[in-house]
Structure formats: C-alpha cells, structure tokens
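Good morning, colleagues. Today I shall speak about strand pairing and charged side chains in one protein model. Please look at the display first.

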Amino acid sequence: MVGSEPADEIRERHREARERARSMGPFRAWIDGERVEASDGATAETRDPVVDEPIASVPACGPEDVDRAVEAAAAGFADEWSEVTPAERSRRLFEWTDVLADHVEELAFLECLDTGKPRADARGEIEGATDTLEYYASVCRSQSGDQIPAREDVHLFTRQEPFGVVGQITPWNFPAWAAAWKLGPALAAGNASVLKPSASSPLSTIRMAELTEGILPDGVVNVVPGAGRDVGQPLTEHPDVAKVSFTGSTAVGRGVMKAAAERVAPVTLELGGKSPFIVFPDADLETAVDAVAAGIFYSTGEICDAFSRALVHEDVLAEFTDRFVERAESYVLGDPLAEDTTMGPLTTRDQFGKVSDYVDAGRREGATLLTGGGPPDDPALADGWYFEPTVFGDVDNDMRIAREEIFGPVQTIIPFGSYEEAIEIANDTDYGLAAGIGTERTSLVHNAAADLEAGLVYVNEYGPILPEAPYGGYKDSGIGRDLGQEALDHYRQTKTVYVNLDDPSL
Ligand code: NDP
C-alpha cells in the first residue's frame, strides 16, 4: 500500500526538514570535546533517501584524524577518566542520559531523515539508546573483583581494569542505538572511546557526542566520521587502540579481526544474519504472522537479526502464506516524516541495487514471487529508494535468497514436514544471530530453543531488545556480546594480585 501524499508535498516537507537539520549543525567530527574539520578539509554528503538530495556536509576524516582522536582519548583516559570512581562515572552517565532524554525528538528527527526509517521507529530507537545508557549508568557502580581464598599465607584478589582507548565501529541501519550499545559498556567500564559511525548516517551519533559537552571529560568520547577504509581501518590497526568493537557485515568483520590479530587486540564482532522463524503446526497463526512480519519488515528489513527465512509446517503453509502476503501488502509506504507511514525507503542507493539484484536472483532460481518485487508504482515515491514488501514462496534453503543476507524487505517461505527437518533447515546456514519459534507447546519451545544454533531465540514474538540481556551471534554472526553485564566484561581486563602474608608474629 502506498501513502496518499502528492510528490510536491513530500519534496517541500523534505526541503524544509533538510534546512532544519542543517540548522542543528554544523555536523563535524567530535574530537577532544570540540567540533573539528577533517585535517585535510575533506567533506562528504549524507543524503536524504526519500528524495535523494544532500542533507548536510560532514567531514570525511582520514588516518591523521584517527591519530588525533586516539591521542585525545588516551589523554582523556589517563588525565581524568581512569581516576574517576565508578560512582562518579555513573553520575556523569546519568547526567548525559538526562540531556539525551531532553533531545529525543531532535535526535529522532535526524535519525528519520538520515536513514529513512519511520519517525515513530526512530523515536523508539532513540529511547532505546537512552535506556541502554541508563542501564550502564546503573550497573557501573556494581563492578567488583574477587577475593580468592586459595591459601592462608596469600591474599589473592582480582581487579577489573579498563583497556584504555577502545575503537568502535557502527553500521548505518541503527546509528544512535548501536552507538549507545558501544559507548554504554565501554564508558561504564572506564574506557575512553573513538567511535566511527557509518558515513551513510552519521548525524545522530555526532549530535549524541556533542551532548556530552561539559558532562564527560574532553577526549573520553570522540566521534570520527568518514569512510571505512579511511577511518575504520586505521582505527582497527592503531597500536594505541587496545580493544575493538565492530558492528557490520561479516566480510568487513573478518578484516577487522585480522587487523586486530596483528597486535593481539581483543575484538567484539556483531555481524550479519539469516535468521529463521519456525512456524509449528499448532502455532497461533496471527501471532506468528505478527512476529515474522515485524521481523522482516521493521526498518525496511535493514536489520541484522531479521527473520528472513520463514520455515512453515506443511499443514499450515497455505493459510500462513495467504495471511502473510496480506500483511505484507498492508504496510504503508510513504514519507517517514508522516506519522501514518509504516515503511520508509531503503537507506542508500547501493542497498536498493543490492536488494533488487537478490529479487532477480530469486526469480531466476525458481522461487515464486507472491507479492512486491520492486519499487512501488507511485510517482510520489519515485525519487526515493523505496522497495515494496516482497514475499517469495516455493523457496529451497539452498537458493541464494535463503543463504545470503539481503538486508531488505524480502521474505522467503520454506516448507517443512517434521521437527527434525525444521531444526536441520534452520541450522543449515553460516549465520547464527537469531531464531524464532511459533508454537503453543511448552515442550517445543524448550526443545527448539536448545536445538537452534543462534545467540538469541524469540518465542511467539520479534523483539524486544533489552539492555539487560546479552545480544550477539553464533557462527559467522559474531564473537562476544553487546548489551547486558557480559558486554561490560568485554571492556575490562582482569588483573590477579598475589599479596604475600608473612607470619604476623613480631
Ligand atoms: P559494513 O560492514 O559495510 O560497515 C559497517 C561499518 O564498518 C561502517 O561504519 C563502515 O564504514 C565500516 N567499514 C567499512 N569497511 C571497513 C574496514 N575496512 N575497516 C573498518 N571498518 C570498515 O556494514 P553496513 O554498514 O553495510 O551494515 C550492514 C551490515 O551490518 C549487515 O550485514 C548487518 O547484518 C550488519 N549488522 C549487524 C548487527 C548486529 O548486531 N549483528 C546490527 C546491525 C547491522 P562506511 O560504511 O562508512 O564506509
């Protein structure tokens, strides 16, 4: 379904929105507590995916800027942040989240304009980002070490210490939320950060960093926008970056890990996925349709844990498929700034090309296109990177559309006949980020949750993602976890101290 607004109304609203966004700038790198240009003055444009016009010019930083930021972070860590107690770190993080909470609408507006996601979703994600930072502000004070009663004549204990400077790299699909996932645990553990947002959607992250002014010491949060090869790579290779955390594609993640391996720096990787949702024959079909639709169409399918393979039992295949196609056709494609829009455009031209190529591949491989398959037939949306919710039936798990991450609103429906077959198909993938189960039977819930090779299992729903719970993947979907107490552990190293206790007699 398409929205009912005429093209000139959308264009005019976006012209005004881009002007408003520019008035919130200038958007610069944030290094050592200051807005700075790239050392060589280079800039790049971030573009509005609804009308394909430039929003704002942003520094296209390079290796010299990474050096500057790492130096600032090292000084911020050594001069102040490493000396601050967890209670004081907690207080400052709460202060930052209070300021962010006052800027939810502004940040949601930037996120909506920069990524093309519907405004309500952008707002929810900014609230998710502040909630995540609040969680880490809370757990900050609960950090402790162990006392190990191994021998009477030794006082043996552990200290949890920060790494110092950490390098963090985020993707374009959840810019602000991903930044909070990275910064929350890193700062709570006592590190200073150099964060590189995606060049395609850096605005909200830059603004979040600016809002640390006067709250966090200079140099503790640095945001260096620029391309992956110019900023991301030098950051992962930098000798003074003691730990790297990356969210993005598996291909780039492998390179990040190799670079970190050269200097034995620990890495956390949150990578891609091809997540299955299994609809068992007893499932409440309405609930299953809700979960699978949200799982593939939220954020126009540009989600790492997308339920991009719907595995449906033969007994309910026809009914599930009919209902799912109907649901896909009910999404309202339109201007993400309009409140009734439920699906915006893809974020970039490249992504539009990639999704289109996969749909062609699905057709060639013999899958049946049940709905969608290309841009909507609406001249008002012709300038943007819109793609209709797309559903393929008759999909075999060996097809490319079932094996490779499309990162767009494209569902593949794959039938199965038995529990064993469902689990085998679900696990027959290089990835292992998420999996879902639709059933009313407790025994199926627990058996499948144990048998699925995935870092996250959702039962009868898609989401939520809560900061209290670890998030990350098995297999090619990553290493380590974001969120939860576990993420805090990834940003600390353990020091064991032996204190010799001499005979106390004088
Ligand atoms: P990419 O891997 O292309 O990019 C991710 C980030 O890495 C961007 O900031 C990018 O910079 C940067 N980068 C690119 N090349 C290098 C390099 N050589 N060294 C260091 N950094 C580099 O992924 P996308 O941005 O296209 O994001 C989509 C991917 O992210 C999907 O595969 C998705 O599954 C995954 N993802 C995973 C999530 C998870 O939690 N598991 C969450 C969200 C997304 P730039 O783009 O500016 O050049």
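**Strands and charges**

In this predicted model, three strands, the 3 of an open sheet, follow the order β5-β6-β22 with antiparallel pairing. At the edges stand β5 (147–148) and β22 (492–500); each has a single partner strand, so one side of each has no neighbour in the sheet. Two strands count as paired if DSSP finds at least two bridges between them. Helices (H or I, at least four residues) and strands (E, at least two) are DSSP runs, numbered from the N terminus.

As a general point, strands of a sheet pair through backbone hydrogen bonds, either parallel or antiparallel. Here, β5 pairs with β6 (residues 154–162) in the antiparallel sense over 2 bridges. Within that pairing, I148 is placed opposite L156 of β6.

As the model is predicted, local features need pLDDT of at least 70, side-chain atom pairs count only at pLDDT 80 or more, totals for chains, interfaces and linings use all residues, and side-chain values use heavy atoms, with hydrogens and water left out.

I turn now to the salt bridges. How many salt bridges does the structure hold? There are 38 salt bridges, each defined as a side-chain nitrogen of Lys or Arg within 4 Å of a carboxyl oxygen of Asp or Glu.

Consider D52 and R349, whose side chains form a salt bridge at 3.4 Å, N to O. D52 belongs to the loop between β3 (43–48) and β4 (53–59), and R349 to helix α12 (residues 349–365), so this pair ties together parts 297 residues apart in sequence. R349 is exposed, at 52% relative accessibility. For such terms, buried means under 20% relative accessible area, exposed over 50%, and partly exposed in between (1.4 Å probe, protein chains only).

Helix α12 also contains both D360 and R363, 3 residues apart, about one turn of the helix. Their salt bridge has its closest N and O atoms 3.8 Å apart. D360 is partly exposed at 35% relative accessibility, and R363 is partly exposed at 43%.

Finally, D489 and R492 form a salt bridge with the closest N and O atoms 2.5 Å apart. Elsewhere, salt bridges with shared partners join E80, E88, R91, R92 and E95 into one network.

Conventions. Residues numbered from 1 in each chain as written.
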